[in-house]
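Open the model in your viewer and keep the selection panel at hand.

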Amino acid sequence: MAEMGSKGVTAGKIASNVQKKLTRAQEKVLQKLGKADETKDEQFEQCVQNFNKQLTEGTRLQKDLRTYLASVKAMHEASKKLNECLQEVYEPDWPGRDEANKIAENNDLLWVDYHQKLVDQALLTMDTYLGQFPDIKSRIAKRGRKLVDFDSARHHYESLQTAKKKDEAKIAKAEEELIKAQKVFEEMNVDLQEELPSLWNSRVGFYVNTFQSIAGLEENFHKEMSKLSQNLSDVLVSLEKQHGSNTFTIKAQPSDNAPAKGNKSPSPPDGSPAATPEIRVNHEPEPAGAATPGAALPKSPSQPAEASEVACGTHPAAGAQEPGETAASEAASSSLPAVVVETFSATVNGTVEGGSGAGRLDLPPGFMFKVQAQHDYTATDTDELQLKAGDVVLVIPFQNPEEQDEGWLMGVKESDWILHKELEKCRGVFPENFTARVQ
């Protein structure tokens, strides 16, 4: 017992606390059963509802703010990794390396500063705001217990007064306990009646300040980050300009059935034999006016410029030649391969005459002959044509014959040419052995 007393706890105190709990429990049961009335304060109850709502909203805001800060930190790490990657791939002899490294350092510092300011101006303020709720919540609960004590004391006093056999001593003691319970309750009740409405109204200013701080910090952060991004873009543009001659086109990865082009053309799928176009060369000159249907001009690195001009339709038609030009034409035809003469006779003002019943079709400049895809071909580079079996391709010469690889032709799909009439967008190279000549 002495030990309990040294700690400020006595048997009488324990018994008193136990008795209070029993009395309160009994009073609550009687109130729930409707056998005892309960003191009500609707205004205070509304304040308590507002308090609970305010606490719930504040707790959610604190949680979401912490999530936002975690996201900022994750973005910082991701940005740091990205800049480290740029520093690793940026070769020492490239111009702007030091500037790029400095931008990466500033980028890292900017993220750190942004995160720290969010912690100082938003999260810590949020923690301080919520720090006042536990104490008030505890006082609200205590006020509820004191209200039960007051109601219990009131009911006990009333029961003694209405008893048939009155005991004045007990009534006096009950009255004394009632006054004491009422005083304790009212002191707590008055304080909370003043604090709860004030706390409820403070939420507006708190939300305004918090979100204004976050918005301002975010705005400044993105401004500074935008400047760094622009500086990095300028450095990379300068690098591109100084190394423009070394720029390479990003190429697609070759597929299994379409190897990259080189000196050897890819083989058609399924082991089918190569469809090599058959070009007939007749060394005997033919009359200029005799147009042979289906004649075409094959690709040749040594093809004269005059032949190209004829294929483009820049020379007048054979029937419109001036006197004296016939002999020159015959002389020219005797010095050129028969395929050139055939092209001259078949090409009139950029059009080709087909067989019986065939329509006339505007053809691309330098058109030589038509081929039809016998197999599907998947393009493996940006300068290649994607072919489907049955596609018709109009074959044209390479602008630079030295760029032509063995087994490859330059052309434009007939469907693309009819729709667009633009060589720059439509033309491309394709493996010759995936096609067969049709005209």
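Start at lysine 370. Its bridge partner in S5 is leucine 394. Keep in mind that this is a predicted model.

**Stop 1: the strand pair**

Now widen the selection. Take residues 369-373 for strand S4 and residues 392-396 for strand S5. The two strands run antiparallel, and four bridges join them. The lysine 370 to leucine 394 pairing links into S5.

**Stop 2: the whole sheet**

In what order do the strands of the open sheet lie? Read across and you get S7-S6-S5-S4-S8, five strands in antiparallel pairing. Select 428-431 to see strand S7 and 435-437 to see strand S8. These are the edge strands, each pairing on one side only.

**Stop 3: H5 against H6**

Select residues 133-161 for helix H5 and residues 168-242 for helix H6. A packed pair of helices is described by two values, the angle between the axes and the distance between them. Here the axes come within 8 Å and cross at roughly 150 degrees. Angles over 145 degrees count as roughly antiparallel, so that is how H5 and H6 are arranged. The contact of H5 with H6 holds 18 nonpolar, four polar and eleven charged residues. Color by residue class to pick them out. The crossing of H5 past H6 is left-handed.

**Stop 4: H3 against H6**

In class terms, the contact of H3 with H6 divides into 18 nonpolar, seven polar and four charged residues. H3, too, passes H6 in a left-handed crossing.

**Stop 5: the cysteines**

Finish with two single residues. Select cysteine 47 first. Is cysteine 47 buried or exposed? Its relative accessible area is 11%, so it is buried, given that the cut-off for buried is under 20%. Then go to cysteine 426. At a relative accessible area of 8%, cysteine 426 is buried as well.

How many disulfides are there to draw? The count comes to zero, with a pair of cysteine sulfur atoms within 2.5 Å as the criterion.

Terms used: Residues are numbered from 1 along each chain as its sequence is written. This is a predicted model: local features need pLDDT of at least 70, side-chain atom pairs count only at pLDDT 80 or more; totals for chains, interfaces and linings use all residues. Side-chain values use heavy atoms; hydrogens and water are left out. Two strands pair if DSSP finds at least two bridges between them. Axes are lines fitted to C-alpha atoms, for helices over the stretch in contact, and angles run from 0 to 180 degrees between N-to-C directions. Angles under 35 degrees count as roughly parallel, over 145 as roughly antiparallel, 65 to 115 as roughly perpendicular and the rest as oblique. A crossing is left-handed if the near helix is turned anticlockwise from the far one by less than a right angle, and right-handed if clockwise. Ala, Val, Leu, Ile, Met, Phe, Trp, Tyr, Cys and Pro count as nonpolar, Asp, Glu, Lys and Arg as charged, and the others, Gly among them, as polar. Buried means under 20% relative accessible area, exposed over 50%, partly exposed in between (1.4 Å probe, protein chains only).
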